[in-house]
Amino acid sequence: FINAIVNSPSDIDVRTHLRTEFERRGLKQIIQSLTEQISSVPSSSVRTDLEIQINIYDEESSIDESDLLNRLSTLNCTNFDSTEALLQSLITRTENYGLSNQFV
């Protein structure tokens, strides 16, 4: 169910936001607990299905994280002469996402 919600948007920013919201609400701890619990359960279709869903979540999360890191690595943040230049760059880069007011 969670994979259907988190992995369906085509926009990586939306997927990342959804995943972050689930994780803020304890999803990582739940996954860890489920992983520990199912390891002691004999092999079954329920166990296999749950393991598949956990693996999909982890794999898609890793792919998105890698893509975001690649996007961030293309930013040139080393040539700022002042904090004003840094702030202006942040505002420019975030204004299309409705985030620029957070920096003002």
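Helices (H or I, at least four residues) and strands (E, at least two) are DSSP runs, numbered from the N terminus. This is a predicted model, in which local features need pLDDT of at least 70, side-chain atom pairs count only at pLDDT 80 or more, and totals for chains, interfaces and linings use all residues. Residues are numbered from 1 along each chain as its sequence is written, and side-chain values use heavy atoms, with hydrogens and water left out.

**Exercise 1.** State how many helices and strands the chain has, and where confidence is lowest and highest.

*Solution.* Step one: the chain has five helices and zero strands, in the order α-α-α-α-α. Step two: pLDDT is the predictor's confidence in each residue, from 0 to 100. Its mean is lowest in helix 5 (residues 83-94), at 76, and highest in helix 1 (residues 2-7), at 95.

**Exercise 2.** Find which residues of helix 3 meet helix 4, and sort the residues of this contact by type.

*Solution.* Step one: contact means heavy atoms within 4.5 Å. From helix 3, Leu 27, Ile 31, Leu 34, Thr 35 and Ile 38 meet Arg 47, Leu 50, Glu 51, Ile 54 and Tyr 57 of helix 4. Step two: seven of the residues in this contact are nonpolar, one is polar and two are charged. Here Ala, Val, Leu, Ile, Met, Phe, Trp, Tyr, Cys and Pro count as nonpolar, Asp, Glu, Lys and Arg as charged, and the others, Gly among them, as polar.

**Exercise 3.** Locate Ser 40 and decide whether Ser 40 is buried or exposed.

*Solution.* Step one: Ser 40 lies in the loop between helix 3 and helix 4. Step two: buried means under 20% relative accessible area, exposed over 50%, partly exposed in between (1.4 Å probe, protein chains only). Ser 40 has a relative accessible area of 62%, so Ser 40 is exposed.
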